[in-house]
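Hello,

Here is the structure I promised to pass on. My notes follow below it.

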Amino acid sequence: CRRKNEFEAQVEFFRKSSEIVDPSDIQKIKYFLKSDTKKAYLLTFDDGYKDHLYCAKYLYDRNLKAYFFPPINSINGTLLDVNAIHMIIGLRDKEIKTILNIVAELCLSSNFLFTFKNKKINIISYFELFDERNEYDDRDTLMLKRILQRDLIGDKNRRYVIDKLLDKFIDKKSFDIASELYLNIQELINMKKMGMLFGSHGLHHKWLNTLNTVQQKNEI
């Protein structure tokens with residue numbers, strides 16, 4: 001999350017302090033990777049946001065290039081789970097506990113199960129046993145993220161809960177949000193004409209280490 005002037009200041013800092021490498025210059029990338037003394041920057045942008053069109057234009061005007069990694073489904077008009085979760089967690093007039101209570105009601109009424117330490121349990125047990133911690137989120141926020149990203153069993157079940165929360169709290173359809181949030185095909189083509197390069201960020205922006213081999217292959 002950066003304002004335009006912050007992004008521009010970062011790029012100018014990179015230019016002055018070292019070199020921003022053209023991602024198509026494989027030999028130069030190898031040179032810097034092997035060097036113990038010389039350093040350089042390779043710019044990458046994930047998730048295919050509309051803001052990246054501005055970034056591409058800014059770089060192009062300075063004869064710079066970067067890699068962009070949009071998930072396929074975002075380009076096709078699907079609101080990614082990760083962004084839907086950001087929107088739900090970012091609701092300023094709703095406490096996380098209130099959202100968790102609604103999630104519990106939805107999961108209990110549909111008999112949804114969760115994975116926790118290689119066991120299948122219901123949401124009541126999940127609430128009692130959840131013990132993850134990190135430096136960025138409090139317990140309730142992290143628990144909501146894990147439920148909607150990973151631990152609620154079944155992609156369709158997770159999406160069902162996410163869509164119910166969006167319908168309840170955000171007065172916009174998923175497709176309309178996606179069209180405002182993500183780059184479209186024509187914008188990607190325009191960025192390519194500027195010399196920008198693209199790589200895959202998966203089909204749905206899934207955690208590959210939570211998928212089996214067949215699912216990983218489909219995602220990639």
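Asn 83 lies in helix H5. Helices (H or I, at least four residues) and strands (E, at least two) are DSSP runs, numbered from the N terminus. Asn 83 is buried, with a relative accessible area of 5%. Buried means under 20% relative accessible area, exposed over 50%, and partly exposed in between (1.4 Å probe, protein chains only). Leaving out residues up to four places away in sequence, Asn 83 touches Tyr 49, Leu 181 and Tyr 182. A contact here is heavy atoms within 4.5 Å. Asn 101 sits 18 residues from Asn 83 in sequence and 21 Å away in space, C-alpha to C-alpha.

Some ground rules. This is a predicted model, where local features need pLDDT of at least 70 and side-chain atom pairs count only at pLDDT 80 or more, while totals for chains, interfaces and linings use all residues. Residues are numbered from 1 along each chain as its sequence is written, and side-chain values use heavy atoms, with hydrogens and water left out.

Now the overall picture. The protein has 12 helices and five strands. Its C-alpha trace spans about 55 × 40 × 35 Å along the principal axes. Of the 220 residues, 39% are buried. Take the contacts between residues at least 6 apart in sequence: 59% of them join residues at least 24 apart.

Next, how H5 packs. H5 and H9 meet at an angle of about 40 degrees, and their axes are 10 Å apart. Axes are lines fitted to C-alpha atoms, for helices over the stretch in contact, and angles run from 0 to 180 degrees between N-to-C directions. H5 and H9 are therefore oblique to each other. The classes are: under 35 degrees roughly parallel, over 145 roughly antiparallel, 65 to 115 roughly perpendicular, the rest oblique. The crossing of H5 and H9 is left-handed. That term applies if the near helix is turned anticlockwise from the far one by less than a right angle; clockwise gives right-handed. From H5 come Asp 81, Ala 84, Ile 85 and Ile 88, and from H9 come Arg 159, Ile 162, Leu 165 and Leu 166. By class, the H5 contact with H9 has six nonpolar, no polar and two charged residues. Ala, Val, Leu, Ile, Met, Phe, Trp, Tyr, Cys and Pro count as nonpolar, Asp, Glu, Lys and Arg as charged, and the others, Gly among them, as polar.

H5 also packs on H8. Their axes come within 10 Å and cross at roughly 150 degrees. That makes H5 roughly antiparallel to H8. This crossing is right-handed. H5 contributes Ile 85, Ile 88 and Ile 89, and H8 contributes Thr 141, Leu 144, Lys 145, Leu 148 and Gln 149. By class, the H5 contact with H8 has five nonpolar, two polar and one charged residues.

Then the cores. A nonpolar core is a set of buried Ala, Val, Leu, Ile, Met, Phe, Trp, Tyr and Cys residues joined through side-chain atoms within 4.5 Å. The largest has 38 residues, and Ile 99, Val 103, Ile 147, Val 161 and Leu 165 touch the most other members. Helices H5, H6, H7, H8, H9 and H10 and strand E3 each supply at least two of its residues. H6 gives the most, with eight. Apart from neighbours within four places in sequence, Val 103 is in contact with Ile 123, Leu 144, Ile 147, Val 161 and Leu 165. A second, separate core holds 19 residues, including Ile 20, Ala 56, Tyr 58 and Met 196.

Helix H3 covers residues 51–61, and its buried residues are His 52, Leu 53, Cys 55, Ala 56, Tyr 58 and Leu 59. Their cover includes helices H1 and H11 and strands E1 and E2. Just after H3, Asn 63 takes a positive phi of about 60 degrees.

Arg 146 lies in helix H8. Buried or exposed? Arg 146 is buried, at 13% relative accessible area. Leaving aside neighbours within four places in sequence, its contacts are Tyr 126, Phe 130, Glu 132, Asp 151, Leu 152 and Trp 207. Arg 15 is in helix H1 and is partly exposed, at 37%. Not counting residues up to four places away in sequence, Arg 15 touches Ile 20, Arg 62 and Leu 64.

Best wishes
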